[in-house]
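This report describes selected features of one protein model. Please look at the sequence and the structure before reading on.

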Amino acid sequence: VGSAINLSSGSAFTSGKDPLYKSWLTIFIIGLVLEIIILIFVIAIFAPKRFPKRFASHAPFFINWYVKSFVALFLIYFPMTIVIVSLIQCYGSGFNSLEDLIHVQMSFYITIVVLISSINFMEVSYIAKMIGGVCSAGLTVLLVSGIHLKVCATKLEFENSTAVFNNRTLVLDTQHEILKNYYNRHVTPEAVILLLLILSLLVVVNKMSEVSVRLSFIGRIEAAAKKQFTQQQKNQVEWLLYTIIPPHVAMELRKTGRYSCNHECVGVIFASIVNFSDFSCQRSENEEDSFRVLNQIIREFDTLLNKPCYSHVEKIKTIGSTYMAVSGLNVSRKVHPIQHLVQLVDYALKIGDVLRQINALVPGFTFLLRIGFNYGPVTSGAVGSRKLMYDVWGDTVNVASRMDTTGQVFKIQMPEICLRLLSPVIRWEMNREINIKGKGPMKTVFITGRR
């Protein structure tokens, strides 16, 4: 587009008359304004926060392939308007003037630049670019050998009917025939041959560039698909890992390859379905059905842990039909002991309600749940190098297990000493004194609900 300024400057320099460059300057200004508008929209696509929301919302319209192709073709072939404007006029005294010769030559140069510039727009179909190139070249040749020839024929003046052109003496009857003969023998053939050679080269180059762009696009799509697949696999592996080991433990294992930690106050529960073996005996002919029911019960218990209200409760393992869960193991989350212990008590009460709902769906059998609770110091860690097992150990765990085995169905048994922290937040009732292996007689209570 900026070639209009060069043309108008050359015209003004070589002609003593008032130069006819207003049309070129108009074309230049129009092209510049349109390109600035397109540039603003392109910037809005990649930096939407720098523009008003309404304007930025319309910017992605330019991402559409058809719109991008149209804009690219416009940018490629818009300078051809300069060629059209230049060749529908005649400058100076006609062909024998230096000014007109400059404009004809510049018209060919602009056409060549337009054709070559199409290489830069590799995402545009090479067929569209070739159609545009053939039309541009054909239009230039037609204007030079036809319209421009007729316009300049009226200005060509000779003192005699004999003139010398290109070191040849031409004796013709009229000025128009002299001009036509020169264009047909020299200007037009040379222009056609030059433009055909350039078009042939551009066909090959544009075709190869489009193939490379398409292969690159396919490569990006495949790379994105592989990246997405790899991310999905990674997420699956992390999900499987986090179902076995808590995230904070897994992070430590990645760093050091081992994990163990002492905790001052951790809540522990054991919840046993005491008559599940009886259920399995009744279904001895279909053991898969027994496993399906147990799996459904455990999955219901696990689903509760996804709720925010049980965020400090973690499942440790299942041993047969016994479910073990703890609270307060995540050392990265500093909370008051009463907070995570209350969550564990609520969880223990809730799994009892869940099992009652399952009993309503299992005809002819009632599952019985017994829960033992305790809190105190424990040690947690990951054991082994293959098939890692995350577990907790300590006297607190042993007592919680004894609370389970010596408890009553659909009741939560815990040592009386636990009331020091929990008495303000739970309702309870006294139980008999029981003998705990390795501990001797111990007073216990049953948790009946929350205050």
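The model is a predicted one.

**The largest pocket**

About 1100 Å³ of space lies in the largest pocket. Its lining is made up of 32 residues. Those nearest the centre of the pocket are Y242, T243, I244, D302 and K315. Several elements give two or more residues to this lining: helix 8 (175-244), helix 9 (247-256), helix 11 (287-304), strand 4 (313-319) and strand 7 (389-393). Which element gives the largest share of the lining? Helix 11 does, with seven residues.

**Salt bridges**

How many salt bridges does the structure hold? The number is 10. The table lists some of them.

| Residues | N to O distance |
|---|---|
| E210 and R214 | 2.9 Å |
| R370 and D404 | 3.2 Å |
| E429 and K411 | 3.4 Å |

Take E210 and R214 to begin with. Both residues belong to helix 8 and stand four residues apart, which is about one turn of the helix. Is E210 buried or exposed? E210 has a relative accessible area of 8%, and buried means under 20%, so E210 is buried.

The next pair is R370 and D404, whose side chains meet in a salt bridge. R370 is part of strand 6 (residues 369-383) and D404 is part of helix 13 (residues 395-405), so this pair ties together parts that are 34 residues apart in sequence. R370 and D404 are both buried.

The salt bridge between E429 and K411 also links distant parts of the chain. E429 lies in strand 9 (residues 426-436), while K411 lies in the loop between helix 13 and strand 8 (412-415). The two residues are 18 residues apart.

**A nonpolar surface patch**

On the surface, L25, I29, I30, V33, L34 and I37 form a nonpolar patch. Together these residues have about 460 Å² of accessible area. One of them, V33, lies in helix 2 (residues 22-46). The relative accessibility of V33 is 43%, so V33 counts as partly exposed.

**An enclosed helix**

Helix 5 covers residues 80-87.

**A contact between G328 and C265**

G328 is found in the loop between strand 5 (322-327) and helix 12 (337-359). With a relative accessibility of 23%, G328 counts as partly exposed. How far apart are G328 and C265 in sequence and in space? In sequence they are 63 residues apart, and in space they are 7.1 Å apart, taken from C-alpha to C-alpha.

Methods
Residues numbered from 1 in each chain as written. Predicted model: local features only at pLDDT ≥ 70, side-chain atom pairs only at ≥ 80, totals over all residues. Heavy atoms only, no water. Patch = residues over 30% accessible without salt bridge, like charges linked within 9 Å, V, L, I, M, F, W, Y side chains within 5 Å. Areas by Shrake-Rupley, 256 points an atom, 1.4 Å probe, with all protein chains shown as cover. Salt bridge = Lys/Arg side-chain N within 4 Å of Asp/Glu carboxyl O. Buried < 20%, exposed > 50% of the residue type's maximum accessible area, 1.4 Å probe, protein only. 1 Å grid on protein atoms, 1.4 Å probe; cavity = no way out; pocket = protein on both sides within 12 Å on 5 of 7 lines; lining within 4 Å. Points joined across faces, edges and corners; volume = space filled by probe spheres on them.
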